[in-house]
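Let us look at how two parts of one chain meet. Have the structure open as you read.

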Amino acid sequence: MQINFNNVSADYQVGPIRSPLILQAVDLSIQSKSFTAVVGHTGAGKSSLLKVINGLLLPKQGEVYVGTTTISAASSKKELKEVRQRVGMVFQFPEAQLFAETVEKDICFGPLNFGIPLNEAKKIARQVIQQVGLEEEILHKSPFSLSGGQKRRVAIAGILAMKPNILVLDEPGAGLDPNGKREIMHLIKSWHMERGLTTILVTHDMEDVAEYAEQVVIMDKGQVVAHDVPNKIFANLALLEKYHLSLPDARKLQIRIEKETGVRLPKICLTVDDLANGLMMAGLV
Ligand SMILES: Nc1ncnc2c1ncn2[C@@H]1O[C@H](COP(=O)(O)OP(=O)(O)OP(=O)(O)O)[C@@H](O)[C@H]1O
Ligand SMILES: [Mg+2]
């Protein structure tokens with residue numbers, strides 16, 4: 001499902017006053033079924049950008065088109081409900097939103113809310129709990145009795161249960177151990193492929209960008225300042241430096257090798273495999 005931002009500005013209500021503009025005249029087009037990473041310094045507006053996509057933050061100016069639904073300052077409750085069903089949003093530390101007395105009830109909450117009958121919702125819960133790599137037995141436990149990684153998976157299962165067309169994820173691996181994080185990222189990639197999702201991932205981890213993203217959006221001070229394929233973004237060192245972004249390890253190593261040998265590798269290397277290949281092509285190994 002395609003997403004288009006047309007001149008979107010947004011701010012927050014802070015007590016009695018409005019904040020300065022947090023999103024400023026954002027124009028952005030995200031292709032259906034693409035995998036996009038959103039990066040940028042802390043406070044750049046990444047989470048706010050995600051919130052606009054599922055109508056949690058309404059534009060003050062401009063509109064966002066999510067498939068055939070328009071989100072604007074004038075959106076109706078019906079339109080927002082429609083968009084929330086299509087856009088599954090996994091917040092940073094989503095486990096903080098678990099609330100029910102059993103995992104099953106927690107996962108069924110979304111589908112029931114959107115009018116799915118109880119039996120069908122329970123069936124979906126059994127499917128999604130497996131898809132996040134957990135045993136069915138866990139459905140009858142209290143979400144609060146689970147480990148951090150299990151809680152994260154349950155929270156994500158609750159989003160998948162809504163069968164979204166678009167999955168937006170805000171640092172889904174934050175705070176997990178490296179294995180847990182890798183597993184969650186693999187799962188996200190496989191749902192993306194199998195379900196034909198449009199996936200948007202906010203991350204500070206350039207290894208994830210290198211490994212999973214087809215498109216990269218850089219945000220700074222509420223604006224989209226770059227939108228391109230990873231190869232182009234990671235070739236542009238001045239751009240990365242300007243926005244205080246780091247490089248994936250393989251690319252860092254590539255630059256060092258090129259400096260020390262004076263040999264230019266024939267392509268931009270973002271992963272270890274790329275680098276091994278590049279070194280062989282250049283005849284350096
Ligand atoms: N609920 C809110 N009320 C008021 N201001 C907010 C609110 N949420 C975010 N902001 C402000 O909006 C700006 C952008 O915040 P946002 O959370 O979108 O940044 P971010 O790029 O996701 O940062 P991080 O990488 O730290 O998560 C910041 O200046 C922040 O202080
Ligand atoms: Mg954020």
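Q: What area is buried between domain 1 and domain 2, and what percentage of it do carbon and sulfur atoms give?
A: This is a predicted model: local features need pLDDT of at least 70, side-chain atom pairs count only at pLDDT 80 or more, and totals for interfaces use all residues. Residues are numbered from 1 along the chain, and side-chain values use heavy atoms, without hydrogens and water. Buried area is the accessible area (1.4 Å probe) that two parts lose on being put together, summed over both. Here it is about 670 Å², with carbon and sulfur atoms giving 66%.

Q: Which residues of domain 1 lose the most area to domain 2?
A: Domain 1 spans 3–245 and domain 2 spans 248–285. These bounds come from an automatic or database domain assignment. Three residues together make up 55% of what the domain 1 side buries: Glu207, Asn231 and Phe234.

Q: How many salt bridges are counted between domain 1 and domain 2?
A: A salt bridge puts a side-chain nitrogen of Lys or Arg within 4 Å of a carboxyl oxygen of Asp or Glu. Between domain 1 and domain 2, the count is 0.

Q: Which element gives the most residues to the side of domain 1 that touches domain 2?
A: Helices are DSSP runs (H or I, at least four residues), numbered from the N terminus. Helix H7 (206–212) and helix H8 (230–235) each give two or more residues to this side. The most, 4 residues, come from H8.

Terms used:
Chains lettered and ligands numbered in written order.
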